[in-house]
Amino acid sequence: GGLAKRIIPCLDVKDGRTVKGVNFVDLRDAGDPVELAWQYSQQGADELVFLDITATHERRKTMVELVKAVARQVNIPFTIGGGINEIADADILLNAGADKISINSAAVRSPELVNELANAFGKQFVVVAVDTKNINGKNLVHLNGGRIPTDIETKKWIKEVEERGAGEILLTSMDHDGTKGGFDNTLLKKINDSISIPLIASGGAGSEQHFIDVFKLTNVDAALAASVFHYGEILIPDLKAKLKKENIEVRF
Amino acid sequence: EGKKTGIISYGAGNIFSLTAALERQNIPFGMIYSPEEFDQYDRYIIPGVGHAGAAMQKLEESRMIEKIKSTSKPVLGICVGMQLLTDFSEEGNAHLLSIAPLRTRHFDETLQIKVPHTGWNKVCSQFENELFNDIKDGTYFYFVHSYFIEFNPTFTLAFADYGVKFSAALKKNNFYGVQFHPEKSGEAGEKILKNFSEL
């Protein structure tokens, strides 16, 4: 071994502010994504994902300002997702200090975007986020946060974007997301065994045991969660201590 | 007035995070865009992300190769900037600066590992050295790369293990290189930058 499993808090950002409430102690401003990011980095988060859900025309400007502010103050890597539709969007974010960008619906609409981004910036910069839902026994890719179904089979799609140059996959199970009943370990294992780029598990984290399970049962590279971290239900130092006790390699 | 670090700006990738890390550590720095600007600085950082062959081509176009090769001041190559110090990279079959007689290779598909090597990997020192001063052996640093520099008992300062034992850091005379990203490796990474600035 030597490569640690990563723990990744995900922050939803709207108009430059985090939208889900956060009840950390000692936070001057619970809505400030930069302060939150800094706090998580101090607690031992390995990486951060910011999901921009701003719908206004001003979105690009606020996103770039946010990325710069985070890069100035936070000393761990971070990914920006949401609203990235073309090379120019990614270029601005890269130059503002983002380590990776995540694309989702845009990749489904025009799969060549994955190739273009990988060629322009290197595959390590390109995360493809996939929202999946089980419909009549089939795992199908969904768009717009799981609201719009497609007829694209999830595993096939992930293999395709890997070949096109994705450097990492962020897989969210819409069936598990929000349930706090655990990650979709069956699907995650199936996907993880079929690809040779890193896989981030997302959707369903409710307890420390769920993180132990996802790493032990699927061997994914990273696990992402939002509310359990934001509401302090799981503290990252405690979680990492638990994982270590279970012989799962984590960074301290 | 502290010693000043010059960042060799040859157009290879984003350096916002690097300059931000230097600012957080109060390390004075400036940008070098032409060979004429080299003499103002006491030490140099060669950043780099992306493709080693393309980076070497940009470095050639910037006319800075001779300045780099002839300097006796401390130099730190980061990621692809470190790979540039070697003879050759399998990425684009590119001939590089040949400062250290080493090769940059692709992670072999038969190793059954995921590529790019992405995440925090344990780094172990090969020698007591000034770059890793006050950094505990076995500290994790953040890596993201598909090519690596082979382990070498003479030039490898610190190694990492990912399917194969490779150079996480190397040293040849006044030239240092790190494969990981110190600007993204938490406090330990910032300490590396601090240590380099005090050489």
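**View 1. Chain A as a whole, a predicted chain of 252 residues.** Chain A carries 10 helices and 11 strands. The radius of gyration of chain A is 17 Å, close to the 18 Å given by the globule rule for 252 residues, so chain A is as compact as a globular protein of that length. Taken along the principal axes, the box filled by the C-alpha atoms of chain A is roughly 45 × 40 × 35 Å. Of the 252 residues in chain A, 58% are buried, and among the contacts in chain A with a separation of 6 or more, 65% are made by residues 24 or more positions apart. The accessible surface of chain A comes to about 10,300 Å², and 48% of that surface belongs to carbon and sulfur atoms. Chain A has 30 positive and 35 negative side chains, with 2 Å between the centres of the two sets.

**View 2. Helix α7 of chain A and the elements that cover its buried residues.** Helix α7 of chain A spans residues 185-194, and its buried residues are A:N185, A:L187, A:L188, A:I191, A:N192 and A:S194. The cover over these buried residues includes the strands β6 (126-135), β7 (138-143), β9 (168-173) and β10 (199-202) of chain A, together with the helices α6 (154-164) and α8 (208-218) of chain A.

**View 3. The loop between β6 and β7 of chain A, with A:N136.** The phi angle of A:N136 is near 50°, which is a positive value in a residue other than glycine. A:N136 has a relative accessible area of 80% and is therefore exposed, the cut-off being over 50%.

View 4. With a relative accessible area of 0%, A:L48 is buried.

**View 5. A:E35 in helix α1 of chain A.** Helix α1 of chain A runs over residues 33-43 and holds A:E35. The relative accessibility of A:E35 is 10%, and A:E35 therefore counts as buried, since the cut-off is under 20%. A:T179 is 144 residues from A:E35 along the chain, and the C-alpha atoms of A:E35 and A:T179 are separated by 28 Å.

**View 6. Chain B as a whole, a predicted chain of 199 residues.** The secondary structure of chain B consists of five helices and 13 strands. A compact globule of 199 residues would have a radius of gyration near 16 Å, and the 15 Å of chain B agrees with that value. The C-alpha atoms of chain B fill a box of roughly 50 × 35 × 30 Å along the principal axes. In chain B, 61% of the 199 residues are buried, and residues 24 or more positions apart account for 68% of the contacts with a separation of 6 or more. Chain B exposes about 7,800 Å², with 45% supplied by carbon and sulfur atoms. There are 20 positive and 24 negative side chains in chain B, and the centres of the two sets lie 2 Å apart.

**View 7. Two loops of chain B, with B:P116 and B:N26.** B:P116 is found in the loop between β7 (103-106) and β8 (117-125) of chain B, and the peptide bond from B:V115 to B:P116 is cis, with omega near 5°. B:N26 has its place in the loop between α1 (16-24) and β2 (29-32) of chain B. The phi angle of B:N26 is near 55°, a positive value in a residue other than glycine, and B:N26 is exposed, with a relative accessible area of 67%.

**View 8. The contact between chain A and chain B.** The contact draws 37 residues from chain A and 26 residues from chain B. Between them, the two chains bury about 2,500 Å², of which 55% is on carbon and sulfur atoms. On the chain B side, B:F16, B:K114 and B:W120 lose the most area to chain A, and together they make up 29% of what that side buries.

Note on methods
Residues numbered from 1 in each chain as written. Chains lettered and ligands numbered in written order. Predicted model: local features only at pLDDT ≥ 70, side-chain atom pairs only at ≥ 80, totals over all residues. Heavy atoms only, no water. Helix = DSSP H or I, 4+ residues; strand = E, 2+ residues; numbered from the N terminus. Rg over C-alpha atoms; globule rule 2.2 N^0.38 Å. Buried < 20%, exposed > 50% of the residue type's maximum accessible area, 1.4 Å probe, protein only. Contact = heavy atoms within 4.5 Å. Areas by Shrake-Rupley, 256 points an atom, 1.4 Å probe, with all protein chains shown as cover. Lys, Arg positive; Asp, Glu negative; His and termini not counted. Charge placed at Lys NZ, Arg CZ, Asp CG, Glu CD. Buried area = accessible area lost by both parts, 1.4 Å probe.
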